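Dear colleague,

Please find the structure below.

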Amino acid sequence: MHQSIVRVLPRVRSNEIAGHLNLRELGADSVDRVEILTSILDSLRLQKTPLAKFADIRNIDALVAFLAGEVAGG
């Protein structure tokens, strides 16, 4: 996940990414957030997961938990 974030937001260092933050707080605009999520979904082979499912995810910890559930089978 860190790789996807840093690739899209090169001004963010990996050690600045903390679970309590959201992607907006790291400086991601809406296009950046879609690119980050798409990259993460591709790397996890979850391309069929609708992006709308991410609308209520509040921070990176919640994103990790959601993705873990998706990887485990939804």
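Contact here means heavy atoms within 4.5 Å. By that definition, residues 24 or more positions apart account for 45% of the contacts in the protein chain with a separation of 6 or more.

This is a predicted model, in which local features need pLDDT of at least 70, side-chain atom pairs count only at pLDDT 80 or more, and totals for chains, interfaces and linings use all residues. Residues are numbered from 1 along each chain as its sequence is written, and side-chain values use heavy atoms, with hydrogens and water left out.

Overall fold

The protein chain has three helices and zero strands, in the order α-α-α from the N terminus. Helices (H or I, at least four residues) and strands (E, at least two) are DSSP runs, numbered from the N terminus. The radius of gyration is 11 Å, close to the 11 Å that the globule rule gives for 74 residues, so the chain is as compact as a globular protein of that length. That radius is taken over C-alpha atoms, and the rule is 2.2 Å times the number of residues to the power 0.38. Along its principal axes, the C-alpha trace spans about 35 × 20 × 20 Å.

Of the 74 residues, 34% are buried; buried means under 20% relative accessible area, exposed over 50%, and partly exposed in between (1.4 Å probe, protein chains only). The chain exposes about 4,800 Å², and carbon and sulfur atoms supply 51% of that area (Shrake-Rupley method with a 1.4 Å probe; for residues, only the protein chains shown count as cover).

Helix H2

At the start of H2, a side-chain oxygen of Asp29 comes within 3.1 Å of the backbone nitrogen of Val31. Just after the helix, Arg45 has a positive phi of about 60 degrees. The buried residues of H2 are Asp32, Arg33, Ile36, Leu37, Ser39, Ile40 and Leu41, and their cover includes H1 (2-8) and H3 (60-71).

The core

A nonpolar core is a set of buried Ala, Val, Leu, Ile, Met, Phe, Trp, Tyr and Cys residues joined through side-chain atoms within 4.5 Å. The largest one has 18 residues, of which Ile5, Leu9, Leu26, Ile36 and Leu67 touch the most other members. H1, H2 and H3 are the elements that give two or more residues to this core, and H2 gives the most, with four.

Leaving aside neighbours within four places in sequence, Leu9 is in contact with Leu26, Gly27, Ala28, Asp32 and Ile36. Leu26 lies in the loop between H1 and H2 and is buried, with a relative accessible area of 10%.

The loop between H2 and H3

Thr49 is in this loop and is buried at 10% relative accessible area. Beyond neighbours within four places in sequence, Thr49 is in contact with Leu41, Phe54, Phe66 and Glu70. Arg58 is found in this loop too, but counts as exposed at 59% relative accessibility. Arg58 and Asn22 are 36 residues apart in sequence and 6.3 Å apart in space, C-alpha to C-alpha.

Regards

Definitions and conventions: Polar contact = N/O pair within 3.5 Å; in protein donor to acceptor, adjacent residues only side chain to side chain.
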